[in-house]
Amino acid sequence: MQKHLKSFDRNLIPTGLLIQCTDVQRRRRLNSDYEISFTVPMTSDDYKEKIIPKGHVQDERGQFYVIQSRARDRSNKVISAQVICTHIMFKMIDFKIPYDDYIEEAYGVHISVLLNKISAVTGGVYTFVTHDAFDLRDVKDWGATTALAAIQETANLYGCEIEPDNTVIHLYKRIGSDDGFEYRFRKNIISDSFKDEYSNLTTRLFSQMKDGRTFIGLSADYLTAEERSLLESVPGAIVDNKLAVNYLISPYAQYWTNNVNTFYDGEMIDQNIEDPVELLIATREALHKKEMPEFEIGVSSADIYKIDPDEQQPRLGDTVYAFDPDMELQRVSCRVMELTEYPFAMDKHSQATLSNYQMRDDTQVMADIERSKQILNDLLSGGRVRAAAFEEFAKQAVLDINASKSEIIYDSRGIVLEEVDHPNVQMVMTSRGIIITEDGGVTARTAMTGRGISAEVIAGVLGSFVSMEIGSGNSITKINTNGISAGHADWGSAPFRVNMQGDVVARSITLTGLVEESEIYASVFRAGQIITDTDINVTRDARIGNNLYMGLIGALNDRKIEFVDSGGYSAYISFTDSTKELKLRGSNDIRVEAVLDLFLKGSYVTLQPSFGAYIGAPGVAANKILTASDLDYINLRLDNLGTSLLLLAGRVQALEDAS
């Protein structure tokens, strides 16, 4: 198995292997992208010698890709280039279809006629192989641009799907096969996404062809049995075995019908069709595509085939089945519309986009854009303009003008679009600008000039602008990529700022209403009230300039100031409302110190003895305030001492007398 990309010069002469390339990614999309991208160090020989602008690389499938762009990038000391290459098929954009091969209008053309013209333009370098029988088609305005646009037009006209093999282009009605391959959860699905879309659902499809004609009047014998049965259920749809309506009904209409919508209507207009039978067939095919909801599944899958050659490998266009019950994918049948693969990496897995409808993107319509650009260049440069190319545009312009509700007037002011029913409602296009008025041009309700736009109301979303400024100098409000600022021309100095993350800086602010779940730092509160139903936690000092009031006026609740101690030795000052008592409690000592005098005033000053309560200096017996109980005790001791002294004196006297 090839493990590296091969490099070739502009003439497809081999130059070697791209050994140092990393992140090789191949992206393919049905009838659209075919490209390879990779990263290569700019200091490597691969980049210096083998990466040649407009040179080629070859993948493991043998397909050649043209080097179209190199994006250099420096990341610290590493410099690298991302190289993007498109399939060699897209080089057909460099071949212009000669004017002699241009087909203005032709009927019943076989697809090979157009393919041979394209092949001849490329000098036979590109050849085409058709694998299915395609119906003859009427061709109009074909070949006015490049070979790539011509093959795109041909594929659209005949309903082909393209599978390129280098310069050999294979055309099928449907590429891929149905081998029963499953994207299955817990087998090969790593991750997936599932989106269904109902906005384009159609259960009744109207149609028109060239010049606004339809298939009304066509014999009903051209209908299928199912189509006839559905139309016969509508009174007047088929009259005398002829179609009286220009629509077909989906067999799924009954499933989607509701009280509001009997049908979901759509319309198909194809100016290239002139035969009613062909229009009926095209309507039938278009309805089949729109009668079921569109869905798209994105799958990142394990590439088991890289380690097990017997394992199936999904291919672009294959019919596969998606199974992930949790994602409401019950073996849903779909097609592989896009593949992103990493052919040389064992640790990266492919991503697939599965769908039931044909996806389009910018790359796919590249040829159509090239065609439109060329027509415009022919018009502006005085080139050879083909009137037939503008036939439909002119016809549509006439219809639009006739159906318009505005009248075009040319007067001294310029071009005036005047409402038919209300002549005073006008849009005036002058050399100075555009004004919209409702009083005949006396005043402008809305005006746009080179100096700006004036309007009473701008409705909708304003976006994708660089900045908006109101005011001047430092008296200004700005909206720009920094955010919203006011009060200074410089963002960093503005006193009011709101950045893109929603952070607000405001030097002065008046708030009314509710402010919740917020933190306020380094702030000063002046006047007003702080009202809360929860705790207010102050983790540092609290300074109160005047009074501290505990409780509200008229409140009957008890109040307390508590000094919390982690060991349970709390102290507090409490007020009991029922007794109007103020209590001061300390788990240990309570000390009241005064530099000068200490005054206690009250009807009574009561000491409740507990462990010999007293007022005085601790440890100094001579410095105490005695209580009444202490005095009574002292008097009792004095009385007892007096009695003892009398008894002692009597005994002394008796001893003296005895001697």
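**Figure 1. Aspartate 275 caps the N-terminal end of helix α6.** A side-chain oxygen of aspartate 275 lies 3.2 Å from the backbone nitrogen of valine 277. This is a predicted model, in which local features need pLDDT of at least 70 and side-chain atom pairs count only at pLDDT 80 or more, while totals for chains, interfaces and linings use all residues. Residues are numbered from 1 along each chain as its sequence is written, and side-chain values use heavy atoms, with hydrogens and water left out. Helices (H or I, at least four residues) and strands (E, at least two) are DSSP runs, numbered from the N terminus. Helix α6 has 15 residues and reaches 21 Å from its first C-alpha to its last, close to the 21 Å expected at 1.5 Å a residue; the expected span is 1.5 Å times one less than the number of residues.

**Figure 2. The buried residues of α6 pack against β10 (137–142), β15, α4 (225–232), β18 and β19.** Glu278, Leu279, Leu280, Ala282, Thr283, Arg284, Ala286 and Leu287 are the buried residues of this helix. Buried means under 20% relative accessible area, exposed over 50%, and partly exposed in between (1.4 Å probe, protein chains only). Arginine 284, which lies in α6, is buried at a relative accessible area of 18%. Leaving out residues up to four places away in sequence, arginine 284 touches Tyr222, Leu223, Thr224, Glu227 and Leu248. Contact here means heavy atoms within 4.5 Å.

**Figure 3. An open sheet of three strands has the order β18-β15-β19, with mixed pairing.** Strands β18 (247–249) and β19 (265–269) are the edges, each pairing on one side only. Averaged over the sheet and with direction ignored, neighbouring strands are turned by 20° against each other. Helix α6 (residues 276–290) packs on this sheet and touches β15, β18 and β19; the direction of α6 makes about 145° with that of β15. Axes are lines fitted to C-alpha atoms, for helices over the stretch in contact, and angles run from 0 to 180 degrees between N-to-C directions. Strands β15 (residues 204–208) and β19 run parallel and are joined by five bridges. Two strands pair if DSSP finds at least two bridges between them. Within this pair, leucine 205 stands opposite glycine 266 in β19.

**Figure 4. Arginine 204 and aspartate 265 are joined by a side-chain polar contact of 2.8 Å.** A polar contact is a pair of N or O atoms within 3.5 Å; within protein, one must be able to donate a hydrogen and the other to accept it, and residues adjacent in sequence count only if both atoms are side-chain atoms. Arginine 204 belongs to strand β15 and is buried, with a relative accessible area of 17%. Apart from residues up to four places away in sequence, arginine 204 touches Tyr247, Leu248, Ile249, Phe263, Tyr264, Asp265 and Gly266.

**Figure 5. Helix α3 (residues 147–158) has twelve residues.** From first C-alpha to last, α3 reaches 16 Å, close to the 16 Å expected at 1.5 Å a residue. Ten of its twelve residues are buried, so α3 is largely enclosed by the rest of the structure. The buried residues include Leu148, Ile151, Gln152, Glu153 and Tyr158. Just after α3, glycine 159 takes a positive phi of about 70°.

**Figure 6. Strands β11 (residues 161–165) and β12 (residues 168–172) run antiparallel and are joined by five bridges.** Glutamate 163 stands opposite histidine 170 in β12. The hairpin has two residues between the strands, and asparagine 166 takes a positive phi near 55°.

**Figure 7. Strand β23 (residues 351–355) is largely enclosed by the rest of the structure, because four of its five residues are buried.** Strand β20 (residues 294–301) pairs with β23 in the antiparallel sense over five bridges. In this pair, glycine 298 has threonine 353 of β23 as its bridge partner. Strand β22 (residues 329–341) also pairs with β23 in the antiparallel sense, over five bridges. There, threonine 340 stands opposite glutamine 351 in β23.

**Figure 8. The whole chain has nine helices and 39 strands.** Of its 659 residues, 31% are buried. Among contacts between residues at least 6 apart in sequence, 54% join residues at least 24 apart.
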